[in-house]
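Thanks for asking me to look this over.

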Amino acid sequence: MAEETTQGNTNTNPNRKPNQNKNNQNKPKPANNRNKNRYKKQPTAVDATLKEFVVKNQEAHKQRLNPHYKLDLNSRAKIRVTPLGGLGEIGGNIAVFETQNEAILVDVGMSFPDEDMHGVDILVPDFSYLREIRKKIVAVIITHAHEDHIGAMPYLFKEMQFPIYATPLPLAMIGNKFDEHHLKDHRKYFNPVEKRKVYKIGNDFEVEWMHMTHSILDSSSLAITTDAGTIIHTGDFKIDHTPVDGYTADLHRLAYYGDKGVLCLLSDSTNSHNPIPTPSELSVAPALDRVFSKAEGRIILSTFSSNIHRVYQAIQYGIKYGRKVCVIGRSMERNIEIAMAYDYIRFPKNIFIDADEVARMNDKDVLIVTTGSQGEPNSALFRMSIGEHRHIKIKPTDLIVLSSRAIPGNEGSISGMMNHLQRAGAKMCMDKDIHVSGHASIEEQKLMIRLCNPKFFLPVHGEYNHVMKHKETGMMCGIPERNILIMTDGEQIEIAPKFMRKVKTVKTGKTYIDNQNNHQIEDDIILDRQKLASDGIVMMVVEVSSQHSKMIAKPRVTTFGIVPDRRDKAFAKEMEDVIEHYLLHIKDGLIENTRALENDLRQVVRKHIYRRMKKYPLIVPHILVS
Ligand SMILES: [Zn+2]
C-alpha cells in the first residue's frame, strides 16, 4: 500500500528536490552506497490531504465493487429459483422463479434423446412441479426463440395455459408451433414486449428484456426484480460488438443494474472452457466470400435454420456472385419467411427460385440454402445425399458448405452424410472460419459478471463440467466461493439479500415425445424397447388345467435376438425343459393363480438365461388355462 502511494506522489511532492528523480532514473543499480544515506535522511513526506483522498477513493472502490452495500439488507423478502431442465445437460431449459405467492417460468425448452431412447424424437421437461404450483404461476417469460428454450411450449399449453411474455420473434415462432399442434387459439396468451421497458407481471414481479446478441435474432437477457432485489438472467448470449443487424448487446442496461445492485446473476455456461473470445457473427463473411468466389458449380449451404443472420449473410454472398437462391427444408423456409415478414431481414423477392426451377438453371447461378447440417435423416440435405430428394440430385460439380458445428452426439450422423455426399462426387467445405459460436467464452463471461456485479452467482445452461468452470471464472472475478452455487435440475435455491441456500429438491425428469403424432411415449415403453434392443425377447406358451392343477401340454418357447438362428431350436428346447421341470415340481395351488404363475415363470427363465448368457431379455409368458 505504502509503495503505491509514494509512487503516486512522486511528481507532486513539494518537498522533493527537483534533481532527485533524475538521479534515480540514471542510476543503473539502485543500491548505490552514496545514495543510500540520502534516502535515509530524506524519507518520503506524506501529504495529509492526498492521503485523505486515497482513503476516499478506496472507499469509492469498495462501494462500487462490493454489491453487498447496494442491496436492501433490511429486506426480509426472498425469492426461490428452481431449474427444471437445462442443468447437467444441453437443452431443455426451463426455470421457475417463485415468491411467496406467485411464480413465473423462464423458457420452456425441449431437448434431444440419447441413442438408446428408441423411437423418441424429442424430450420435454417433466411438468410435475408445475402442476403442483399451477395456481401460483402468473406468466411464462421467454428469452429467445431457440428450440431448447421454446420447444416444449405446445406440450405445456396442452395441459395448462398462462400469459406468455416475449419479444416478437419468439412469439411468432411459438405461434407457429401452436398452429402445428392445433392450438391456434392459444395465441391469445401472447403479450409482446418492448425492450428497455419494465413490465409489471403479477403483483410480485417486474421484468425487463435487455437486447442480447446470440446465434438467433431478437434474443434477450432478463432483469427480474422482486422485493428481494434484482436477478439478472443472461439467457443465451455472446457479446458481439459488430452484429449483422447493428443491434449490439445492451451492455448499458446491464451496467445500469450492476451499478444499482444485483442480487444474483444466472449466466450462460456453454463455452466456459473456451479461452479464445467468441468472434462476431460478421467474421464468417470473409470466409463465405472466399468460398463462394471459387465455386464453379452449384453451392449447397447448410446451417442451423434458426441462425437467420448466417442465412442472411450466405444469401448476400450468393447475390454478390450472381446466384439465385433456392431455400429447401421446412424449418429453413419457415424461419426465413418469418424473419422477412417481420422485417428482421430484407431481400428483393425476385432472388428466390423454387426447387423445381433449379434443374433449368445454370449450375453457376444457383445457391441452395438448406437444412441438415447435423445430418438429420429427415432433413433435405440428407435426402439429397442419398439421392432421395425429389428435385435436387447431387452432382460432382456441387460444393457443399456446412456452416455449423456438430452438436455433441451428432458427429456420427454428420460423418455418415458426408460419406454419402462425397460418394456422389460433391466437394465439401467445412472450413473452421465458416462458422462461429453463439455463446460467450471466458472473457465475455467475465465481462458479464463485471457488468452485473452480482452478490450471488448461479452458473446455468451447461453440463456439470461447464458450470464448474464458470464458477471458477466467477471466483476469479471477485465473487466469493460461498456466494456461488452449482445447481442441478430440481434443486430449489432460496435467495435473500443476506443469504443464498438450497432448500429442497422437486421432481424433474423427461417426457418422451413421438414427433409422428406429437404424443407422449410412456416411460415403460422406452424401457421395453431398450431391453428388446440390447437383450432380445423370450416368449413362452404354457397350457395348464385348472381342474387338475397341472400342465397339459409341453411348454413352447420362441426367442429373438438372443442366440443365432441356427441355435434357435436347441436353445428353445433347453428353455422348454427348464420350464417343464419347474411346472412338474410346482407347489400345489400355484397353477390356479395365473398372475403368480406368470411371475414365477419369468423368474425361472430370467435366472436361467442370466446364468447362461449374462443377459436380461424381455420375457413374455402366455398361460392358457383350460
Ligand atoms: Zn440459444
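1. Let me start at one pair of residues: Met210 stands opposite Ser221 in β10. The strands here are β9 (residues 205–212) and β10, which run antiparallel and are joined by 7 bridges. Strands count as paired if DSSP finds at least two bridges between them. Strands themselves are DSSP runs of E with at least two residues, helices are runs of H or I with at least four residues, and both are numbered from the N terminus.

2. A word on the ground rules before going further. This is a predicted model, in which local features need pLDDT of at least 70 and side-chain atom pairs count only at pLDDT 80 or more, while totals for chains, interfaces and linings use all residues. Residues are numbered from 1 along each chain as its sequence is written, and side-chain values use heavy atoms, with hydrogens and water left out.

3. Back to β10, residues 219–226. Of its 8 residues, 7 are buried, which leaves the strand mostly covered. Buried stands for under 20% relative accessible area, exposed for over 50%, and partly exposed for anything in between, using a 1.4 Å probe and protein chains only. β10 also pairs with strand β11 (residues 229–233), in the antiparallel sense and over 5 bridges. In that pairing Ala223 has Ile232 of β11 as its bridge partner.

4. What links β10 to its two partners? The hairpin of β9 and β10 has 6 residues between the strands, and there Asp218 takes a positive phi near 55°.

5. Please look at Asp250 next, in the loop between β11 and α9 (251–260). Is Asp250 buried or exposed? Asp250 counts as buried because its relative accessibility is 9%. Leaving aside residues up to four places away in sequence, Asp250 touches Arg196, Met210 and His211; a contact here means heavy atoms within 4.5 Å. Met210 is the residue from point 1 that stands opposite Ser221.

6. Glu102 sits in another loop, between β2 (94–98) and β3 (103–108). With a relative accessible area of 9%, Glu102 is buried too. Beyond residues up to four places away in sequence, Glu102 touches Phe97, Lys136, Val138, Ile201, Gly202, Asn203, Asp204 and Phe205. Glu102 and Ile137 are 35 residues apart in sequence, yet their C-alpha atoms are 5.8 Å apart in space.

7. Two backbone angles deserve a second look. Most residues other than glycine have a negative phi. Asp107, which is not a glycine, has a positive phi of about 65°; Asp107 lies in strand β3 and is buried, with a relative accessible area of 2%. Lys614 is not a glycine either and has a positive phi of about 55°. Lys614 belongs to the loop between α19 (594–613) and β26 (618–625), and is exposed at 54% relative accessible area.

8. How do strands β14 and β15 pair, parallel or antiparallel? β14 (residues 324–328) and β15 (residues 366–370) pair in the parallel sense over 5 bridges. Within this pair, Val327 stands opposite Val369 in β15. β14 is mostly covered, with 4 of its 5 residues buried.

9. β25 runs antiparallel to strand β23 (residues 537–545), joined by 5 bridges.

10. Finally, the whole protein. It has 19 helices and 26 strands, and 50% of its 626 residues count as buried. The radius of gyration is 33 Å, whereas a compact globule of 626 residues would have one near 25 Å; the radius is taken over C-alpha atoms, and the globule rule is 2.2 Å times the number of residues to the power 0.38. Along its principal axes, the C-alpha trace spans about 120 × 70 × 60 Å. Among contacts with a separation of 6 or more, 72% come from residues 24 or more positions apart.
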